[in-house]
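Let us walk through a protein chain together, one feature at a time. Keep the sequence and the 3D view side by side as you read.

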Amino acid sequence: MTSILTYTFKNLSATSKWALRSSVRHLSCSSQLQAAPAAQTKSKKTLAKPNLRNIVVVDGVRIPFLLSGTSYKDLMPHDLARAALSGLLHRTNVPKDVVDYIIFGTVIQEVKTSNVAREAALGAGFSDKTPAHTVTMACISSNQAMTTAVGLIASGQCDVVVAGGVELMSDVPIRHSRQMRKMMLDLNKAKTLGQRLSLLSKFRLNFLSPELPAVAEFSTSETMGHSADRLAAAFAVSRLEQDEYALRSHNLAKKAQEEGLLSDVVPFKVPGKDTVSKDNGIRPSSLEQMAKLKPAFIKPHGTVTAANSSFLTDGASAMLIMAEDKALAMGYKPKAYLRDFIYVSQDPKDQLLLGPTYATPKVLEKAGLTMSDIDAFEFHEAFSGQILANFKAMDSDWFAQNYMGRKTKVGSPPLEKFNMWGGSLSLGHPFGATGCRLVMAAANRLRKDGGQYALVAACAAGGQGHAMIVETYPK
């Protein structure tokens with residue numbers, strides 16, 4: 001597929017290629033950094049459905065997302081998740097005994113707290129009678145937590161659910177080798193000294209080689225960064241375009257942080273250390289500095305670098321999701337409705353990161369909306385090349401017809417509505433927690449700018465993806 005895509009997109013007409021370049025080049029200029037003008041309030045239809053409960057986000061929070069190896073490095077994942085839950089309790093004042101269920105997403109699990117949702121809930125003071133479970137779906141794990149909450153409420157099983165996610169990349173489980181693990185287990189079962197000595201005689205020094213958590217796709221043995229590099233090449237996305245997009249993300253995040261727009265961030269007093277109050281991965285640079293970096297995955301000719309990739313991040317998020325009637329009965333003014341959503345899967349080899357392209361038209365059709373109805377887009381930024389490749393795929397009739405079985409393209413999101421407060425490239429990407437950040441950014445942007453609908457989308461390992469429509473709650 002890569003060779004076909006490369007040929008096709010490198011041979012687009014000059015006009016269409018220029019149109020794409022004009023939409024992504026010079027993203028760092030001052031005009032692009034201005035906040036999007038307040039969307040004109042339109043008399044759009046609501047997406048409420050007859051005989052179905054309306055499900056709302058009352059509020060959501062996250063502790064600051066930090067570069068791995070910094071202030072959170074001595075903690076455990078449940079410490080971060082507990083801090084997010086405590087922040088949510090403080091923000092919303094929801095009585096703990098009202099919460100029917102708690103769901104958290106995570107990717108690289110700490111073996112001591114495999115059900116991190118339960119351990120964090122107990123640590124945050126929730127009743128031991130409140131069930132909790134943990135889900136994993138790569139980078140859309142907290143998306144799965146949220147939509148699981150939607151299902152529980154829509155079916156009438158629950159009225160109030162807390163959904164969130166957590167990731168701690170500062171301390172990942174490193175295992176003994178398979179041979180060493182087998183020997184240790186066999187030694188534990190050995191009953192006599194002779195049996196133990198016989199087993200020990202089989203020991204070899206290479207048994208001591210550790211096993212790190214897999215950074216490659218199990219089904220393809222390819223790292224996500226390598227796949228992103230190939231995807232960028234297939235869609236003729238240049239190194240300069242990727243660096244410009246990454247710089248845009250950092251500049252917009254810095255501006256949002258300075259203007260106090262990242263209101264979902266709650267301070268966290270790190271045990272034994274100072275209070276952390278803001279994300280620490282927002283680092284605007286310059287194109288000249290970024291150009292000095294060498295390719296990170298495909299060397300020496302690749303275009304994906306550390307500067308245009310999301311970085312390893314520690315963090316946690318949590319959201320209070322309720323049935324609308326329950327929220328109003330408790331005196332809450334919700335922030336947004338959670339509306340239609342969709343999950344997609346495609347080829348993990350050549351379409352690993354194209355989840356948003358496949359999910360966007362499907363969720364729009366499900367909701368009865370078009371791209372022009374969307375006032376705010378919040379897409380997960382795994383890599384600059386991934387975002388720009390999705391833009392090109394979404395704006396291609398050829399790709400829609402040949403790979404998606406669609407007659408026409410859905411169109412790419414307009415930049416003036418896209419990730420205007422930064423994204424995963426700058427704010428950080430704790431794998432299990434990003435989905436909740438996306439939804440809260442969408443909800444808060446709609447409220448600030450007067451928009452009605454937002455579209456949240458993300459890719460994930462395994463060639464999977466997710467998209468959801470968020471509708472602002474009437475003021």
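Helices (H or I, at least four residues) and strands (E, at least two) are DSSP runs, numbered from the N terminus. Residues are numbered from 1 along each chain as its sequence is written. This is a predicted model, where local features need pLDDT of at least 70, side-chain atom pairs count only at pLDDT 80 or more, and totals for chains, interfaces and linings use all residues; side-chain values use heavy atoms, leaving out hydrogens and water.

How confident is the prediction? The predictor's confidence in each residue is called pLDDT and runs from 0 to 100. The chain averages 92, and 91% of the residues score at least 70. Over residues 10-41, however, the pLDDT is below 50, although this stretch has 48 contacts (heavy atoms within 4.5 Å) beyond near neighbours in sequence. Where pLDDT is low, the predicted coordinates should not be read in detail.

Now find helix α6, residues 141-154. Its 14 residues reach 20 Å from the first C-alpha to the last, close to the 20 Å expected at 1.5 Å a residue; the expected span is 1.5 Å times one less than the number of residues. Ten of the 14 residues in α6 are buried, where buried means under 20% relative accessible area, exposed over 50%, and partly exposed in between (1.4 Å probe, protein chains only). Among the buried ones are N143, M146 and L152. Just after α6, G156 takes a positive phi of about 85°.

Move on to helix α10, residues 239-258, which holds D243. Is D243 buried or exposed? D243 counts as buried because its relative accessibility is 2%. Leaving aside residues up to four places away in sequence, D243 touches L287, M290, A291, T305 and N308.

Most residues other than glycine have a negative phi, and most peptide bonds are trans. N51, in the loop between α3 (30-33) and β1 (55-62), is not a glycine, yet has a positive phi of about 65°. With a relative accessible area of 83%, N51 is exposed. A236 is not a glycine either, and its phi is positive at about 55°. A236 sits in the loop between α9 (224-234) and α10, and is partly exposed at 23% relative accessible area. Finally, look at the loop between α11 (287-291) and β8 (313-323), where you will find P300. The peptide bond from K299 to P300 is cis, with omega near 5°.
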